[in-house]
Amino acid sequence: MAALAVAAGRRLPLGRARPVPPGRGCGTASGWGVRERSYWRALRRRVLGPPAPPFAAPCQVGAPVLRLTARPVPPERLRQPELRELTAALAAGLRRRPCLGLSAPQLGVPLRVFAAELSPGRCSRYPPELRRAHRIEPFPLRLLVNPALRVLDSRLVTAPEGCASVEGFSAYVPRHWAVLVSGLDEHGEPVSWEATGWAARIVQHEMDHLDGILFTDRMEPRTFTNVRWRELLD
């Protein structure tokens, strides 16, 4: 290989890279160097201590809890305040962020619990043709503890997905068309949900979280997209 690299019409000695403006290059130090906090964030952490799960915001990919197989909630904890606190945090997290499902591991709690909701207002934001093709219909808040999944219609349908724990990215993912999920509600009472189309996709996505699986493990790799790529080039 030649000992010189050509850049911007000049020959540069190999190994001497052109300076890159801060924050605009690939492989910046984010996540590798020393983490810096603002004075107020550092003061708040010193006074209040580190945050404890369930966290107010979803853990991001790289957090070990997202790759664990979540544990079932033991029977003796089904009607305890801790479970009510967790389910309340999941419901609040759904409504605080633009997501349709949220699992306990995403809030740092490795238990088999998830929540899902698709309000009429949120449903109306999808294009009509997409709503028809993927049966995107509103459903009320669902909270499931120790859920079990059974496939009702094994046809695989591919559609775009994102994730609150892989923020800013999306990809096309194949999912079964219809499933039955059964478990317990936040009061320990048996519940079941026959989900079809988009609801079935959400259920399968959240069930994957309980087994340490992210949508990136099932995606069609060449469809993986940074949803802000146009903005980043601007």
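In these legends a residue is called buried when its relative accessible area is under 20%, exposed when that area is over 50%, and partly exposed in between, with a 1.4 Å probe and protein chains only. The structure is a predicted model, in which local features need pLDDT of at least 70 and side-chain atom pairs count only at pLDDT 80 or more, while totals for chains, interfaces and linings use all residues. Residues are numbered from 1 along each chain as its sequence is written, and side-chain values use heavy atoms, with hydrogens and water left out.

**View 1**
Helices (H or I, at least four residues) and strands (E, at least two) are DSSP runs, numbered from the N terminus. Strand β4 covers residues 113-118, and 6 of its 6 residues are buried. Val113, Ala115 and Glu117 point one way from the strand, whereas Phe114, Ala116 and Leu118 point the other way, and all are buried. Two strands are taken to pair if DSSP finds at least two bridges between them. On this basis β3 (residues 101-103) runs antiparallel to β4 and is joined to it by 3 bridges, with Leu102 having Ala115 as its bridge partner in β4. β4 is also joined to β5, by 5 bridges and again in an antiparallel arrangement, and here Phe114 stands opposite Leu144 of β5.

**View 1. The salt bridge between Glu117 and Arg95.**
A salt bridge is counted where a side-chain nitrogen of Lys or Arg lies within 4 Å of a carboxyl oxygen of Asp or Glu. The side chains of Glu117 and Arg95 form such a bridge, at 2.9 Å from N to O. Glu117 belongs to strand β4 and Arg95 to helix α2, so that the pair links distant parts of the chain, 22 residues apart. Glu117 is buried, because its relative accessible area is 18%, whereas Arg95 counts as exposed because its relative accessibility is 54%.

**View 2. The salt bridge between Arg67 and Asp217.**
The side chains of Arg67 and Asp217 meet in a salt bridge of 2.6 Å, N to O. This pair links distant parts of the chain, 150 residues apart, with Arg67 in the loop between α1 (39-48) and α2 (81-96) and Asp217 in the loop between α5 (198-210) and β8 (225-226). Arg67 counts as partly exposed because its relative accessibility is 43%, and Asp217 counts as partly exposed because its relative accessibility is 42%.

Across the whole structure, a search finds 11 salt bridges. In one of these, the side chains of Arg201 and Glu161 meet at 2.8 Å, N to O, and the pair links distant parts of the chain, with Arg201 in helix α5 and Glu161 in strand β5 (residues 139-162), 40 residues apart. Both Arg201 and Glu161 are buried. A network of salt bridges links Glu161, Arg175, Arg201, Asp208 and Arg218.

**View 3. Helix α5.**
At 1.5 Å a residue, applied to one less than the number of residues, the helix should span 18 Å, and its end C-alpha atoms are 19 Å apart, which agrees. α5 is followed by Gly212, whose phi is positive, near 75 degrees.

On a 1 Å grid over the protein atoms alone, a cavity is a set of points where a 1.4 Å probe fits but cannot get out, a pocket is an open set with protein on both sides within 12 Å along at least five of seven lines, and lining residues have an atom within 4 Å of a point. Grid points are joined across faces, edges and corners, and a volume is the space filled by probe spheres set on the points. The structure holds 1 cavity of 30 Å³ or more, and the largest cavity contains about 50 Å³ of space. Its lining consists of His134, Val157, Arg175, His176, Trp177, Gly197, Trp198 and Arg201. β6 (169-184) and α5 each supply at least two of the lining residues, and β6 gives the most, with 3 residues.

**View 4. The largest pocket.**
The largest pocket holds about 680 Å³ of space. Of the 24 residues that line this pocket, Pro98, Cys99, Arg122, Gly162 and Cys163 are the closest to its centre. β5, β6 and α5 each supply at least two lining residues, and the largest share, 5 residues, comes from α5.
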